[in-house]
Number of protein chains: 4
Amino acid sequence: MVGASKSGNGSGPIRYGMVGGGQGAFIGGVHRIAARMDGDFQLVAGALSSNPERAKASAAEIGLDPERSYASFAEMAKAEAKRPDGIEAVAIVTPNNIHFPAAKAFLEAGIHVICDKPLTATLAEAKKLAALVEKTGKVFVLTHNYTGYPMIRQAREMVAKGQLGDIRIVQAEYPQDWLTEDLAATGQKQASWRGDPKQSGAGGAAGDIGTHAYNLARFVSGLELDSLSADLDAFVPGRLLDDNVNVMLRFKGGAKGMIWASQVAPGHENGLKLRVYGSKGGIEWVQADPNYLWYTPFGAAKQLITRGGVGAGPAAARVTRVPSGHPEGYLEGFANIYQEAARAIRAARKKGGKPARDVIYPTVQDGVEGVAFIEACVRSSKKNAAWTKL
Amino acid sequence: MVGASKSGNGSGPIRYGMVGGGQGAFIGGVHRIAARMDGDFQLVAGALSSNPERAKASAAEIGLDPERSYASFAEMAKAEAKRPDGIEAVAIVTPNNIHFPAAKAFLEAGIHVICDKPLTATLAEAKKLAALVEKTGKVFVLTHNYTGYPMIRQAREMVAKGQLGDIRIVQAEYPQDWLTEDLAATGQKQASWRGDPKQSGAGGAAGDIGTHAYNLARFVSGLELDSLSADLDAFVPGRLLDDNVNVMLRFKGGAKGMIWASQVAPGHENGLKLRVYGSKGGIEWVQADPNYLWYTPFGAAKQLITRGGVGAGPAAARVTRVPSGHPEGYLEGFANIYQEAARAIRAARKKGGKPARDVIYPTVQDGVEGVAFIEACVRSSKKNAAWTKL
Amino acid sequence: MVGASKSGNGSGPIRYGMVGGGQGAFIGGVHRIAARMDGDFQLVAGALSSNPERAKASAAEIGLDPERSYASFAEMAKAEAKRPDGIEAVAIVTPNNIHFPAAKAFLEAGIHVICDKPLTATLAEAKKLAALVEKTGKVFVLTHNYTGYPMIRQAREMVAKGQLGDIRIVQAEYPQDWLTEDLAATGQKQASWRGDPKQSGAGGAAGDIGTHAYNLARFVSGLELDSLSADLDAFVPGRLLDDNVNVMLRFKGGAKGMIWASQVAPGHENGLKLRVYGSKGGIEWVQADPNYLWYTPFGAAKQLITRGGVGAGPAAARVTRVPSGHPEGYLEGFANIYQEAARAIRAARKKGGKPARDVIYPTVQDGVEGVAFIEACVRSSKKNAAWTKL
Amino acid sequence: MVGASKSGNGSGPIRYGMVGGGQGAFIGGVHRIAARMDGDFQLVAGALSSNPERAKASAAEIGLDPERSYASFAEMAKAEAKRPDGIEAVAIVTPNNIHFPAAKAFLEAGIHVICDKPLTATLAEAKKLAALVEKTGKVFVLTHNYTGYPMIRQAREMVAKGQLGDIRIVQAEYPQDWLTEDLAATGQKQASWRGDPKQSGAGGAAGDIGTHAYNLARFVSGLELDSLSADLDAFVPGRLLDDNVNVMLRFKGGAKGMIWASQVAPGHENGLKLRVYGSKGGIEWVQADPNYLWYTPFGAAKQLITRGGVGAGPAAARVTRVPSGHPEGYLEGFANIYQEAARAIRAARKKGGKPARDVIYPTVQDGVEGVAFIEACVRSSKKNAAWTKL
């Protein structure tokens, strides 16, 4: 029996398809590994590229049944919906502008959706999509994958339990350096579509990584944003979208924060970092070293909590695979989102079924919030960093 | 098509079975994830426990076909060898004393073997097993998983290319703390069998982790041992096997080294660390932070090489899944060994087929060397740390 | 011969006096150690406290000649100016509001001034003081001590030489946690005066530490500020001055930056950190680990430059006392400012003498800039973080 | 009043002289800064070099009165003993072989001695010196300076209070890289005398740094050595003394340990590190980052104790100058030894006076133990690393 599920509910893996993720793509391969890791999913169909040749070649490369390699997502949604063994879920891993039409097609075909971030290329689309999810009642999981890291779950749990006291300060940053020079000019696929407003939407760094930082800040702190003031730049000549983002945040209730996201900060590979401070203590987490969480209660010695180690609580344990000292990484964190998705989808197999209370994943509403953040950043920056509500 | 292989050779995943790895086990689950991660393997049979009830329950839990859940490895080897869709490979993840009889049974049944370390409980068995592998010509992969880490491959490549000059010093250590108190007395399964000479063999910490450190030192430095002087202790009263190991090493050609392995060093979760120094430079790698490799050329600034980043060469790139800054971990390193195994097994599908030259995995000979190391440590320690050849 | 000077110009140590720094003070003791470290200074007079009893007791405690322990700085300036062996320089280490009148008294008495930061309590005073320094021609050294760290000198040199290319981004932060609770309410001397606008001026965290961060950012990047947008808070109820400062920066020429300064960030003891990124590379420096400088040239491996080690250039070497691996710290960095002051004062002993070109210390103009920064932060924050010029 | 003492006992600074420490020397300058830092000492005489020209030039450079710059230590001891304002103490900072005759001369002249390590070039001399100290009753302070670091005092206090339980394991290492190539061949002064058995004694790395590691291990753990097994190498051709030292340790009571000291480990500048593990917890300290102490109680979260921060106790506080987050370094640690020496010497000014109980410094007995360690290493290594008692 292939792909035996870790959770072992005997009901078999979830058949899923993929839109995007063909040759030259980055995130599609990540989704496939994440889906495979715990044996909960089975990839059986795909529309892997908008280029028919590439779609075909990509399907062959990953061993898809040629009959279920489709030329378009529309065709795939239609065909799979008719099959008795059709896909139960789809993973959408295309450029941002395709998220909305693809998700719409599958939701309307009665298929659950796992979608990469940001949710859509525009806020208008995002809101429509949220309404559609509501209407269809299908499971919709947005892969803000960093929320899947065990120590992020730990941090969130500590904040929720009041271990940090009243939250006063949130500092999030996400520097990278891969766009320090004009990579799109070389034809590199990732740089090209991510730098194209038609495919990406209004935000460059704001959309690609700023939205991750903002999502993580909300996820851990539990705070809601009141307004933001953003100063965006495109330092590389000719670049159409921002590559550096400075934001000041005002949260409801009085907490303050900052976000810095950059694609032009040499030395930073994928430097997502979150720090939260309250009246009783602070926490600090760095994505590149994700198995550690600093906890600094005011007036006591600094503590380093490790994934799987003493001090890590049940929220982290739920999504931990191996003992402390055996580092988990990006793929495990990503797979945790897939694991949560599997729980939700399995629950939905039963009429009216709901996932257990402890199932946590980024929803379409989180996606709406994220696109609103991107557009608010752009709007604020155009108005000389005026304070802007989402 | 389920479990599409990353390498995509179109020839389908490898059917494999598992011996050991039932409920309460640790490493079996790790093997299963590693086997799943790249879609190269398909788990179809198992003898998951020597306890029939537990075997059955474990098989159900992971979704194995009940017909192919066997009460013993002997039965499994026999039955699977007869099936047209029988397993091509077996993963042996039992206590050490079962490695030999199980491996023997499968090799003789014409089935490739992936076996956890140490190779066997005694050197005599190890040598017999090596002879059997030679005789049968089957693929035999020993999961010294730390050799699968990209930055370890990088370090090895740098040494081989002479970037460190003539190697003078090798410092390896592997401290843990999980046996600081008498855990076996609580009935904990891992502590119980690992502390039992009948199941583990002559070495405690020496066998469980010292052998990993020694293997890694050899793998990276390319040196061969001349002799060692070992001082072993069991600090926890009543413990039958060593829990702390101090070793001095003399390599052929004059290099020197030390190994420290401990299960009673509070604060260390899984502290494997390797440092190698030559006439031109040094390297340092820490398992808990495996995406980094310090390279310190003499007379130049210290360099931090990152997995996927600038400075990482082809040997690391071969076993890298995601870009720099997206941390890979223990499971990815382990899965790299499975990936190499898949390459070797696929090559062996063709009569006389050999894997490509760049396929690297720990062999049965490495296993013989490892058991020889364990027994030499024990022998040396009994003779007041006398210098001892393997 | 006491206090033999390291620089050994045979002209004897510089006689100096101190204003402030009596019992219960913090920074006065630091100045005294810094002055002593290289034997360039000799403490011979003091007006150590505005409280006569405390002044007397403090003078006795540190061994001052009772005759030269004065009840006020005014008296001291007058008396010392008349003595043939009177002080050549004074160190002013009082609360901020005393800086101006004290500095004025000594400058007018023909005595060089070493003054703690911020320069004064108001920008108006700062400008008057700058004019007075210009008029009197005396040496005026502001102890923005962090500019004395060797690796900060190194960073500055690298930027100046173009190793980072065109500077695009400056990120400075200075979090602390000592005011997480209402420490002033306990009567703690440092918290009391620093939280009192009459003694401190308009800025709390902005004035005490934000100005350090801003000074360091300018010192290393060589950039000039165009305008800033600041959002200040006082999170602890009843606090009159800000304890958390978020600032966005726009530099002339187009570079952008952020400053975060906080006194309510649990876990941070004295977390000054500076990062600068340009079109060719980045640098990162952390005050708590001051002997290291990360240099990350785009497209090459990350380098860790160490004080005294390979890669550290002449600007760092000038202010380095001990070899690499022998850590220098806060006091050595502070003493480097005193060493530079000594060079300037010794040069001034000769009529028309000027210090050598490589003598670098924060000047009264830097102090004006710093107070302007503080007041601009306060002004901006009051106008809803409007962009404000200094 | 010059050099006002921090401890402020009103009794004035201690007049001292220096033997060695002329131009080209390293450690002499360090002693002078350490002596100056707290104002407890006043340098008034010197025999700075065995070369009369260099002695004279060196004295002039540091501003010594030419009359009190002597051509030899013998002359200096004699002359100073006669002066009413003669030196009360001498700092001996020569190559090792001069320690004994110089110390002897000053002790016999009734002058207290502060002497660099190792104590002497031979164990025979060391024992004679210890007897002489006993006989004369003078203060004798050996500058094993690393015992002056606050977090080392903290570690020692924690062990003594039983926070680690019964000590089982001690791991000390002291790698450097400055002798990776044949530096002595270039005429470099430090490399030349340290590599010359006539000036250094029997040990190379063992004597220069191994003895520091051993001293620190004893100081913190409180353990006494039973025996050692050492394997020494000189990797650089033509080198007469060892440059790499592997040692296994057996302590009385059953604890075990290892020391690795090396001068040929590229990337290590001054990598002294100490780890101690007991039945209840562990500690880890790294000299290059001396303000941090890891404390890892078994079964609780890892704690990072910082100098001056929460968790640092009275033993550390006694030798702490500035608040947490303001890093202290090598010179402050060294100065702490001088501060302790000052306390002892001041106590001795009163007939029969003894320093307070909490005054701690390395004694002549520690020095005997250190030289015994060096000679035992050499002896053991010559006998194929046989177990050897000191």
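1. Chain B and chain A bury about 3500 Å² between them, and 56% of that area lies on carbon and sulfur atoms; buried area here is the accessible area, taken with a 1.4 Å probe, that two parts lose on being put together, summed over both. In this predicted model, local features need pLDDT of at least 70 and side-chain atom pairs count only at pLDDT 80 or more, whereas totals for chains, interfaces and linings use all residues. Side-chain values use heavy atoms, with hydrogens and water left out, residues are numbered from 1 along each chain as its sequence is written, and chains are lettered from A, and ligands numbered from 1, in the order in which they are written.

2. In this interface 40 residues of chain B are in contact with 42 residues of chain A, contact meaning heavy atoms within 4.5 Å. The count of salt bridges between chain B and chain A is 0, a salt bridge being a side-chain nitrogen of Lys or Arg within 4 Å of a carboxyl oxygen of Asp or Glu.

3. The contact between chain D and chain B takes 46 residues from each of the two chains, and about 3700 Å² is buried there, with carbon and sulfur atoms giving 54%. On the chain D side, R168(D), P266(D) and F298(D) lose the most area to chain B, together 18% of what that side buries.

4. Across the interface of chain D and chain B there are 10 salt bridges. The side chains of D231(B) and K256(D) meet in a salt bridge at 3.0 Å, N to O.

5. A salt bridge also joins the side chains of K256(C) and D231(A), again at 3.0 Å from N to O. Over all chains, the whole structure holds 100 salt bridges.

6. Within chain B, 5 strands form an open sheet with parallel pairing, in the order β2-β1-β3-β4-β5; strands are DSSP runs (E, at least two residues; helices are H or I, at least four), numbered from the N terminus, and two strands pair if DSSP finds at least two bridges between them. Because β2 (41-47) and β5 (140-142) of chain B stand at the edges with a single partner strand each, one side of each is left without a neighbour in the sheet.

7. Strand β3 (residues 89-92) of chain B is joined by 4 bridges to strand β4 (residues 112-115) of chain B, and the two run parallel. V90(B) stands opposite V113(B) in β4(B).
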